[in-house]
Amino acid sequence: MIELHQVHRDFLVGDQTVHALNDINLTITAGEYLSIMGPSGSGKSTLLNLIGLLDRPSSGQYLLDGEDVTTLGDVQQAHTRNRRIGFVFQAFHLVPRLTAAENVELPLILAATPPQERRERVAAALEALNLSDRARHKPEQLSGGQRQRIAIARATITEPAVLLADEPTGNLDHQSGGDVIETLERLNRRAITLIVVTHDAELGARASRRILMRDGRIESDKRTDRA
Amino acid sequence: MNGSDISRFAWVALRGYPTRTLLMLIAMAIGVAAVIVLTSLGEGARRYVTDEFSSLGTNLLIVFPGRSETAGINPTTMMGETPRDLTLDDALALTRSYSVRRIAPLNVGAADISWRNRQREVTVIGTTREMLAIRHWELAQGDFLPATDPDLATPVCVIGGRIRSELFGARRALGEWLRIGDRRFRVIGVMASEGRSIGVDVQETVMIPVASAQQLFNTPSLFRILVEAKSREAIQPVKRFIIDTLQARHQGEKDVTVVTQDAVLATFDRIFSALTYAVGGIAAISLMVAGILIMNVMLVAVSQRTAEIGLLKALGAAPRQIIVLIIAEAFLLSSLGALLGLLLGQIASAGIRHAFPVLPAQAPLWAAVTAVLVALITGVLFSLLPARRAARLDPVLALSRR
């Protein structure tokens with residue numbers, strides 16, 4: 001469902017061109033569980049942003065469900081992000097003045113979902129993550145693990161096909177990091193395509209397909225078939 | 001995103017930064033209140049002056065001796081320096097037009113008056129009975145000057161209320177003999193207390209027949225002639241008639257100036273309207289300043305909330321939606337500020353009216369409407385730049401900044 005063909009992404013740093021992504025060819029099928037690992041500056045975050053349509057390739061082609069999304073306008077890209085892609089960030093990025101439920105509701109508000117339906121879906125999503133009793137809390141009143149799970153609920157509320165997680169456990173202790181990973185994997189088992197970018201070898205090893213990046217190139221691409 | 005979602009989001013954003021919001025509200029409110037208060041003062045002054053002039057009488061024309069070569073009033077006309085004086089006969093000649101309802105000759109001077117051992121200086125007005133009707137004056141006691149031949153120097157006088165109380169105290173004034181200058185006059189009437197108009201405080205004047213005043217001040221001339229036209233339409237023909245008649249009587253010399261009350265009124269009206277617009281405009285500058293403040297605040301808000309805007313983009317907010325959210329916030333800010341300012345301005349105007357009852361300080365509707373509109377428009381206009389900056393934020397950079 002995700003196809004990258006000869007994708008390059010160059011940045012101009014000072015008067016030097018940095019090839020953050022160098023001729024990336026990658027095909028990801030629906031429902032895959034993929035980890036992208038590599039040292040800092042290897043281009044893994046850039047790749048994730050590109051897949052998430054937060055960034056555009058300098059050259060190359062990106063097909064999402066067979067549709068060339070690199071040529072889409074800002075509005076259509078925003079629409080695609082809203083409906084088909086979910087983001088989970090290392091820093092959670094919850095809006096501090098909104099309650100947990102309101103944070104989860106945000107994508108639906110942007111998608112102009114009717115209020116009644118919004119409330120029902122938010123309640124269901126919080127229920128599924130065992131966070132119903134935290135609905136009225138502000139992010140500052142929640143633990144790190146709870147915040148990240150709220151962020152996951154927000155990322156999946158529009159039922160996207162792809163969930164992109166950038167160091168989802170980077171700011172969490174071992175215990176709550178484990179909770180978050182379990183939550184993500186449970187979603188993957190329900191057929192969501194999960195792409196995790198991480199430094200953490202242990203976390204990366206859990207994925208059925210592991211990509212190692214170095215200097216903007218894919219160095220290795222290993223799969224283990226798990227039943 | 002529908003309207004209520006947008007306004008709720010903006011409201012929550014404003015509530016999230018209470019100090020910032022409060023300061024902005026105050027800045028906007030002061031701007032709007034300044035426009036309201038200043039225009040209400042200007043409008044109050046305008047209405048005060050026009051009311052005073054209206055109280056001079058209706059359909060009134062005022063004849064001055066002397067004529068200025070250029071249009072308008074200059075010091076010479078005010079002093080009435082002219083080779084030929086206005087006389088009582090000139091005044092009586094003006095009654096011959098059908099369009100003239102009544103005329104009153106006017107002579108003014110200062111003189112000492114005394115009764116028994118009390119003495120003071122007052123303004124003495126020499127006129128005829130017609131004056132009462134022209135100026136809409138009323139009497140508290142007795143009667144006004146008798147309707148006799150204007151040439152007759154009857155020794156009677158009508159005194160203002162304050163002079164009555166100062167000279168006579170609790171005693172009866174009617175029928176008493178006063179000394180005015182070197183002549184004696186019998187008090188036949190006392191003016192009622194209301195009757196105050198520009199330049200003349202009826203309370204402080206003594207009125208005597210015009211012929212008596214001419215003798216008292218030893219002059220054959222008149223200070224003014226007041227002419228009341230039959231209708232508003234008759235004012236211009238009457239003006240023509242006065243100039244022609246007096247020219248004929250003065251050997252073909254146009255040596256009088258005729259001012260219509262309407263013209264004076266219109267002039268003052270224009271002056272004070274211009275003044276109101278001017279102070280309103282000056283106050284509107286403070287609104288612009290408030291608008292620029294809003295721009296600053298929204299720029300700060302955008303950079304403060306860079307990560308949040310990046311997040312909204314990641315969640316699928318189109319650039320237009322981001323712009324709408326930022327503008328909605330500024331609009332809410334400026335409309336709340338404008339509302340607060342409207343309230344403050346009206347309270348301040350009411351306070352002024354309470355403190356100075358003679359000044360009908362009430363902001364005209366156009367000022368209130370303009371102030372609020374300018375507040376809203378500047379609020380929205382000045383938030384365009386921050387909003388567009390927010391919409392153009394690169395989400396990757398926005399999200400990576402912590």
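**Aromatic rings and charges in close-up**

**View 1. The charged end of B:K230 lies over the ring of B:Y98, 4.2 Å from the ring centre.** A charge counts as sitting over a ring if NZ of Lys or CZ of Arg is within 6 Å of the ring centre and within 35 degrees of the ring normal. This is a predicted model, in which local features need pLDDT of at least 70, side-chain atom pairs count only at pLDDT 80 or more, and totals for chains, interfaces and linings use all residues. Residues are numbered from 1 along each chain as its sequence is written, chains are lettered from A and ligands numbered from 1 in the order in which they are written, and side-chain values use heavy atoms, without hydrogens and water.

**View 2. A:R97 is placed over the face of B:F9.** The distance to the ring centre is 5.5 Å.

**View 3. B:W115 and B:F168 form a tilted pair.** Over all chains, the structure holds four aromatic pairs (rings of Phe, Tyr and Trp, the last by its six-membered ring, with centres within 6.5 Å; planes under 30 degrees apart are stacked, over 60 edge-to-face, the rest tilted). Here the centres are 4.5 Å apart and the planes stand at 50°, so the pair is tilted. B:W115 is buried at 5% relative accessible area, and B:F168 is buried at 1% (buried is under 20%, exposed over 50%, partly exposed in between; 1.4 Å probe, protein chains only).

**View 4. B:Y277 and B:W366 form a tilted aromatic pair.** Their centres lie 4.9 Å apart, with 35° between the planes. B:Y277 is exposed at 52% relative accessibility, whereas B:W366 is partly exposed at 35%.
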